[in-house]
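This report is meant for someone opening the structure for the first time. Please keep the sequence and the 3D view at hand while reading.

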Amino acid sequence: MARVRWGMVVDLRRCIGCHACAVACKAENLTPLSVFRNWVKIIEKGRYPNVSRSFLPSMCNNCDNPICVRNCPTQATYKREDGIVMQDPHRCIGCKYCMASCPYDVRYLDPLKGIVQKCTWCVHRVDAGLEPACVNACPTNALIFGDVNDHESRIARTLAANAVQVLKPEKDTFPHVFYIAGDAVAMRTFGFGEGGE
Amino acid sequence: MNKLTRRELIKAGIATGGAVAAGQAVNALAQEAIQGGRSVSRTAGTPRFPVPSACGMCSARCGIIAYLEDNIVVKIEGNPRDPNNHGRLCARGLAGIQVLYSPDRLAFPMKRTGARGEGKWQRLSWDQAYAEVVEKLKAWQGNRPEALVLLSGLDDLLVSRLARAYGTPHWFSSAALTRANKETALNLTMGVSVDVNHLAYAKYILNFGANPYETGQYHVPLVQRLIDGRLSGAKLVTFDPRTSNTAGKSDEWFPIRPGTDGLVALAMANVIVQLGLYDRDFVENWMNVPLTLLAAHLAQYTLEAAEAASGVKGAHIRRIAIEFATTHPATTISGGGASLHANGVQTERAIALLNALTGNIDIRGGYCLPRTYALAEPGPLPPDPKVKNALLVDRASVLASYAPSQQVFPAIRDGRLKCGVLMTWGHNAAYTHPNTSLVAGVLKDERLVPFHVAVDTFLTETAALADMVLPAATYLESWGIYSPPAYDLVPFVGLQQPVVKPQGEAVPFHNIAIELARRVGGGLEKPFAFGSMEDYIKIAISRIEGLTRAGGLDYLKEHGVWRDPVAQPEYRTYEKEGFNTPSGQFEVYLPQLEEAGQPTLPTYIPVPGLTEFYEEEFVLITYMPGILAADLAAPSAWLSEITHDNAVWINKEVAEYKLIRTGDLVTVKSPVGQITLKAHVTQGIEPHVVAISGGTGHWGMGRVARGEKFQSSDGNTRLIWWGEKHGNGVHPHSLIPVTTDPIGGGQAWLDTKVTIEKVRR
Amino acid sequence: MGEEVQVIYNVFHEPPLGVPIAIYFYMTGLSAGSFIMSTLAYGFGMKKFKPLGKIGVTLAVILLVLAPVNLIIDLGQPLRAWHLFPYLNAASPITYGSFLLTIYPINCMIYGYFMFTHNDKLTKIFGLIGIPLAISVHGYTGFILAMSKARALWNTALMPFLFLVSAMVSGIAMMMLVLIIWGKFFTKDRKVNESLLWDLSTMLVISIGLDLFLVFSDLAVLLTADSEAREAAMLILTLNFSPIFVGGEIILGSLIPLLLMVLPWTRRRVWPTALAAFLVMAGIMAMRYVMVIGGQSVPLS
Ligand SMILES: Nc1nc2c(c(=O)[nH]1)N[C@H]1C(S)=C(S)[C@@H](COP(=O)(O)OP(=O)(O)OC[C@H]3O[C@@H](n4cnc5c(=O)[nH]c(N)nc54)[C@H](O)[C@@H]3O)O[C@H]1N2
Ligand SMILES: Nc1nc2c(c(=O)[nH]1)N[C@H]1C(S)=C(S)[C@@H](COP(=O)(O)OP(=O)(O)OC[C@H]3O[C@@H](n4cnc5c(=O)[nH]c(N)nc54)[C@H](O)[C@@H]3O)O[C@H]1N2
Ligand code: SF4
Ligand code: SF4
Ligand code: SF4
Ligand code: SF4
Ligand code: SF4
Ligand SMILES: [Mo]
């Protein structure tokens, strides 16, 4: 039987930009204030009256070729066999080089503990046979989690049936968060600082 | 549960969840039961103790499961058995835990020692507090019970009973601030209080002023099915003056000038009738007006007239009308944007008419009637008060579903309403009502309001001005029983049960009402003789045989919700005994409006002042950002961290003309007030309109709501970063005068004319 | 694409490498520079540079003791710094840095000890051993930035080389200042060893030229690469960091000192040269700041 390789699909046809995944993550992992394991980027584009909005939930891509793991001087961050990039809170010295190396800004220094943390796909839930908290909470079922190597799983069938994109493929980290119907403008990085409503 | 390997469990959970390829309308969540209903400790991985209940953060009442570790709630998740939200929650439902354990909660009863609003309090025991309140209530009970004025919020199950038992007609609900106009329109037209849009199976969804991607009376249940419907090919068309998240993702968005939705809807109705695209069967058999008469009435609503007033091109209105009439099944959805105007009732009547004309009433994928269980009320029911509500004197308002809460404080100020005792139950009028300076002025005036008791969970802007404050428990600490409209059209019952003991000395709202009734006596105690809240609920569900057979309250305590396992949705239910209206039909024509001096057929009444725009004038609309609620969200740091301040949206061309850039400070002036806040220059708003969000700008509600960091045992409170960096927003309500829809009595939130000027630095 | 776009909501985490890291880079640069200057005489037998020997090695050691302090205080868990050794990661440049930061100072002290005890042979040996260590102790810091794919401004093969040249430039400038101060205040005749000073000044002019060329080629490539790279270049050329980069690093830190050391009426005069050296040192600090902090100011999401 093929090795388990977890993956996440974000179906942007279903996403309503409601931040429930971000709040579910804070509730499940008690992520401190001012730092985020996941968040929902919202952009507005076009000229009046042809204006539209796009949402982009972002989280650690648990990459297959993670730069963060390669650059960590103490191997405090390491990739598990099933693809989840873990953080060893006892070994991490908080040098933040993994944060400097990750192209997606998904790592943070925990202001209360002085170690770096990240989204680990709620590994304590996955190991207990449950979906990550954000997947469980999403009101419109836009997040799909599962074993991409298992052809019968919903995620494998979804990946087979839909064109998907990843963020910054050119960085060769082989991200495992796959976006369906991504908006190229929202997936681009630009501008300095947030616009705000 | 047998030991499934980790992969099988997730695969099975997911495999049965099924909706894979686009186009499959199978509700992916219906078979989620095996997956949900479990949660494990973050550290030990051991299962957490689940207690099912109902969310109290908004009227949708989604089923939740509170997970506990050593009797402390550590996580709130959705209850997968709930047929409305299928185990899913929105951001606010998930953040309810921070309301429960908020360090800003009121811990004990308090009495003011300084002047009102000075913030000097003295702690009281509950007995002392009850004694003083009882004394004040007894003083008026005998001769002028109508001197008791009660304002209640979301949880007002027993507050109206208390008012009637006491003999006062002056009970006002916060629901009036929102649902009054739409509920009145639906009640008069079809005898129901809400339209259930069966979106998962709709093929065309026409949206007037709703923002389901962010808000909505039944937010999660509705938006979940809206998305399933869209993935099965439904088209979503939205009319909204600004690019809300819904408008921004709609297939077509038409920026519309505020208060003109009714005219656009009537112009569409005119097109449908003239082109003969209406459903002959429904129009001839179920409408209480002959088509010829209706057609003649509608003829005045030409595309040119609609374009001139609304700013939406006549050609678009015509095309959308034809699409709506020729795509089946279809339904409208409508929200605050359509009804929170001085012509809100007429607008909602026009929108309802569109569904009737096209035969989409109560069909699969259409504009359905609510399926709910009627919950019995324990006897003896208190008699109706002898005196009439002072605010319901003119004929039109007699038809309203709610008494106009927003008129309470102007009426007290003008002497139309004599107040001896004011009780605010989870109703933060000083913050949620229009013209906040007027409200504050009245609340501070001891001549106008001799005694004010605020029953609330937080020291809200209103409680801060009260004489006495009673700490109310949250929904996670109290009982409740609900049968919300079923979005899969099979009624069900949801239980709200305490998941933990009340924090501090807080007492659930209902128990305060029961205790007060008992202590005041003099007949007030009789309608409260049902015993405890559990007894109340047992009686409330007693007439539902299936539930009683399944185990009644004990079943609900274990599963949270009950639904008839074999029942299937039925359609065109009006065909059995007709509509719940005097004529038994869909009442397009309302004779009772004649004597109230209001048009009997759905009519467009221009909102005074909104038809012409002088050089510097704009219409101010307010909206609720998705992540916040009027009040209960601000104390949650997780929610406030995401949305904590606001700005005034200004159309880019208009802003460039006035040399305003995003971030510049702008002064917004209305006939009743002025505020200064940042500008948000955007392409996404109609040039004659400016928009400001509500939900922020708290000056009460505690430190988290005000964005103030502080030391506490929880390290997070000193990490509250947004207050210093962005401020906590500016509340727009001081700009909004009290104006009321003459029929529905609802507040016209979205009709305020303002001017905007850049602040010269 | 002229599409009108506005970010309504997004999250940016604090830039991970703060000012202490920029200072650390600056100090290791100065230390490596002054060490190499000191070995010119004691390692390569260039007698002329003998006066720089002792000062050079003392400064190298002091700076190399101070520099890591910046690193340790910047750690989220300072008491776990020792983890860098037992849990080393051969793929991480910081692992190499950790070992270099222990071997190099030891070597410096041995080299200094033999210099002060006038054992020229051993001084030469440890001097020569020290040169590759000095180059790599500062070169590795260039690799830290270069091997982070995340930041367009850093992710270039030029980075180690740019760091080394900056180390030389700041090292020479510091030596010139030390020479002037030593000459003016700590010698009996209050006279500066002018011939050595002018040699150093020529070396500085050449190094600055090389530095400017590297900076120019780096920016030229960035401006023509993908949008993220172009944005990074624009950030330091025209937007928020331009005062420090264009004003600080380029004009004040490179061009003006060049002129001071080349124009006839200021050339080979002590005080203008002192001013030039001082401006160069400040300019290289600006370069470190722009590279570290500026490099992390282009949003990643
Ligand atoms: N997240 C969240 N959900 C909530 C609430 C909350 O505070 N937060 N509150 C709950 C409550 S109390 C209520 S009553 C409901 C209300 O929810 P809804 O009934 O959906 O009403 P709103 O969200 O207030 O407004 C909907 C839209 O109307 C637009 N609008 C304004 N004026 C006009 C107009 O003249 N014409 C048209 N066509 N559109 C217009 C606004 O831009 C806004 O986007 O939401 C409930 N759910
Ligand atoms: N500008 C503008 N203003 C608006 C609106 C708008 O669209 N635009 N919307 C209006 C609408 S739709 C509404 S509904 C009103 C808000 O109507 P309200 O129902 O007044 O909204 P809240 O104040 O959030 O109600 C909750 C209040 O009860 C207290 N409370 C705490 N815990 C509980 C509990 O467990 N149960 C109960 N019952 N109460 C509790 C809270 O502290 C808070 O004071 O806002 C109105 N304000
Ligand atoms: S919870 Fe779901 S719908 Fe909401 S923002 Fe996250 S992914 Fe999108
Ligand atoms: S997204 Fe960043 S932190 Fe996550 S695995 Fe990839 S490189 Fe590492
Ligand atoms: S902060 Fe921790 S996880 Fe990140 S690179 Fe340093 S030691 Fe490794
Ligand atoms: S998978 Fe878990 S840790 Fe990652 S974003 Fe979702 S809730 Fe947060
Ligand atoms: S929609 Fe959100 S706030 Fe309202 S009941 Fe459901 S989970 Fe709670
Ligand atoms: Mo409401």
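This is a predicted model: local features need pLDDT of at least 70, side-chain atom pairs count only at pLDDT 80 or more; totals for chains, interfaces and linings use all residues.

Residues are numbered from 1 along each chain as its sequence is written, chains are lettered from A and ligands numbered from 1 in the order in which they are written, and side-chain values use heavy atoms, with hydrogens and water left out.

A residue counts as near a molecule if one of its heavy atoms lies within 4 Å of it. By this criterion, the surroundings of ligand 4 include Cys60(A), Cys63(A), Cys68(A) and Cys102(A). Asn61(A), Asn62(A), Arg107(A) and Lys118(A) are also among the residues around ligand 4. The shell of ligand 4 consists of eight nonpolar, two polar and two charged residues. In this division Ala, Val, Leu, Ile, Met, Phe, Trp, Tyr, Cys and Pro count as nonpolar, Asp, Glu, Lys and Arg as charged, and the others, Gly among them, as polar.

Around ligand 5 lie residues including Cys72(A), Cys92(A), Cys95(A) and Cys98(A). Thr74(A), Gln87(A), Gly94(A) and Lys96(A) are also among the residues there. The shell of ligand 5 has eight nonpolar, three polar and one charged residue.

**Ligand 1**

Ligand 1 has 30 residues around it, of which Thr178(B), Thr215(B), Asp261(B), Gly626(B) and Leu628(B) come nearest.

| Residue (backbone atom) | Atom of ligand 1 | Distance |
|---|---|---|
| Gly209(B) | nitrogen | 3.3 Å |
| Gly336(B) | oxygen | 2.8 Å |
| Gly626(B) | nitrogen | 2.5 Å |

**Backbone features**

Helices (H or I, at least four residues) and strands (E, at least two) are DSSP runs, numbered from the N terminus. In chain A, the peptide bond from Tyr48(A) to Pro49(A) is cis, with omega near -5°. Pro49(A) sits in the loop that joins strand E2 (39-45) to strand E3 (52-58). In chain B, a cis peptide bond runs from Gly379(B) to Pro380(B), with omega near -10°. Pro380(B) belongs to the loop between strand E13 (367-368) and helix H16 (408-414).

Lys96(A) is a residue other than glycine with a positive phi, near 70°. Its place is the loop between strand E5 (85-87) and helix H3 (97-101) of chain A. Is Lys96(A) buried or exposed? Lys96(A) is buried, because its relative accessible area is 9%, where buried means under 20%, exposed over 50% and partly exposed in between, using a 1.4 Å probe and protein chains only.

Asp362(B), also not a glycine, has a positive phi near 55°. This residue is in the loop between helix H15 (344-357) and E13 of chain B. With a relative accessibility of 0%, Asp362(B) is counted as buried.

**Further residues**

Asp645(B) lies between helix H24 (637-642) and strand E21 (648-651) of chain B, in a loop. Asp645(B) is buried, since its relative accessible area is 15%. Its side chain forms a polar contact of 2.3 Å with the side chain of Lys678(B).

Ala2(A) is in the segment before strand E1 (6-11) of chain A and is partly exposed at 44% relative accessibility. The C-alpha atoms of Ala2(A) and Val148(A) are 9.9 Å apart, although 146 residues separate them along the chain.

**Helices H4 and H5 of chain C**

Two packed helices are described by the angle between their axes and the distance between the axes. Axes are lines fitted to C-alpha atoms, for helices over the stretch in contact, and angles run from 0 to 180 degrees between N-to-C directions. The axes of H4(C) (residues 120-146) and H5(C) (residues 158-186) come within 7 Å and cross at roughly 140°. H4(C) and H5(C) are therefore oblique to each other; angles under 35 degrees count as roughly parallel, over 145 as roughly antiparallel, 65 to 115 as roughly perpendicular and the rest as oblique.

The loop between H4 and H5 of chain C contains Trp154(C), which is buried at 0% relative accessible area. The C-alpha atoms of Trp154(C) and Gln296(C), 142 residues apart along the chain, are separated by 9.1 Å.

Terms used
A polar contact is a pair of N or O atoms within 3.5 Å; within protein, one must be able to donate a hydrogen and the other to accept it, and residues adjacent in sequence count only if both atoms are side-chain atoms.
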